[in-house]
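Please open the structure in your viewer and keep the sequence panel at hand. The tour below moves from one selection to the next and says what is found at each stop.

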Amino acid sequence: MLSKGEQFPDFALENQDGETITKESLKGKKAILYFYPRDNTPTCTTEACDFRDNLEMFNDLDVHVYGISGDTKRKHQNFIAKHNLNFDLLVDEDYQLSEATGVYQLKKSFGKESMGIVRTTFVIDENGEIMDVIEKVKVKTQMEELKAILG
């Protein structure tokens, strides 16, 4: 898992509209890159709606928000439409960025083991350095943690 003070890896991922977002395109801006397992699951929906409802605060702090999962553009478009999301979701179908950041891990659910994204949030500074990482995110407290980090 990448940690505070490290450079975030280079990436080029498409958003829900097929536009490519890169690490380079984030230069000069702070960004929150939050990794989540799947669109339209209960906890992922709660998390996305929390970001939606707090986006004005992040905009006021000049922080861009991006959700990242292994879902397709079509699934992202449906998720955005269904929940009126007001930020980009990035497609990491091959889990390249998820693996590079260390969030693609062996998970246990109901006694079964499988590989998947562990809910993790990275706060990146204007130079692409990791300001902070929230590992094993607790959705109920995440917004408060982010407010404290971005202070």
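How many salt bridges does a search of the whole structure find? The search finds 6 salt bridges, a salt bridge being a side-chain nitrogen of Lys or Arg within 4 Å of a carboxyl oxygen of Asp or Glu. Before selecting them, note that this is a predicted model, in which local features need pLDDT of at least 70 and side-chain atom pairs count only at pLDDT 80 or more, while totals for chains, interfaces and linings use all residues. Residues are numbered from 1 along each chain as its sequence is written, and side-chain values use heavy atoms, with hydrogens and water left out.

**Salt bridges**

Select Lys-23 and Asp-10, whose side chains meet in a salt bridge at 3.9 Å, N to O. Lys-23 lies in helix H1 (residues 23-26) and Asp-10 in the segment before strand S1 (12-14), so the pair ties together parts that are 13 residues apart in sequence. Helices (H or I, at least four residues) and strands (E, at least two) are DSSP runs, numbered from the N terminus. Lys-23 is buried at 11% relative accessible area, whereas Asp-10 is exposed at 68%; buried means under 20% relative accessible area, exposed over 50%, and partly exposed in between, with a 1.4 Å probe and protein chains only.

Next select Glu-14 and Lys-73, which form a salt bridge of 3.1 Å, N to O. Glu-14 belongs to strand S1 and Lys-73 to helix H3, so this pair ties together parts that are 59 residues apart in sequence. Glu-14 is partly exposed, at 33% relative accessibility, and Lys-73 is partly exposed, with a relative accessible area of 33%.

Arg-119 is buried at 13% relative accessible area, and Glu-47 is buried at 0%.

**A buried aspartate**

Select Asp-71, in the loop between strand S4 (63-69) and helix H3 (73-83). Asp-71 is buried yet has no salt bridge, and the nearest side chain of opposite charge, Lys-75, is 4.1 Å away; here Lys and Arg count as positive and Asp and Glu as negative, with His and the chain ends not counted. What does the side chain of Asp-71 reach at 2.6 Å? It is the backbone nitrogen of Asp-39. The side chain of Asp-71 is also joined to that of Ser-69 by a polar contact of 3.1 Å, meaning a pair of N or O atoms within 3.5 Å, of which, within protein, one must be able to donate a hydrogen and the other to accept it, residues adjacent in sequence counting only if both atoms are side-chain atoms.

**Positive phi**

Most residues other than glycine have a negative phi, and most peptide bonds are trans. Select Asn-40, which is not a glycine but has a positive phi of about 60°. Asn-40 sits in the loop between strand S3 (30-35) and helix H2 (42-60), and is partly exposed, at 34% relative accessibility. Finish at Tyr-95, whose phi is a positive value near 60° in a residue other than glycine. Tyr-95 is found in the loop between strand S5 (88-91) and helix H4 (96-101), and at 23% relative accessibility counts as partly exposed.
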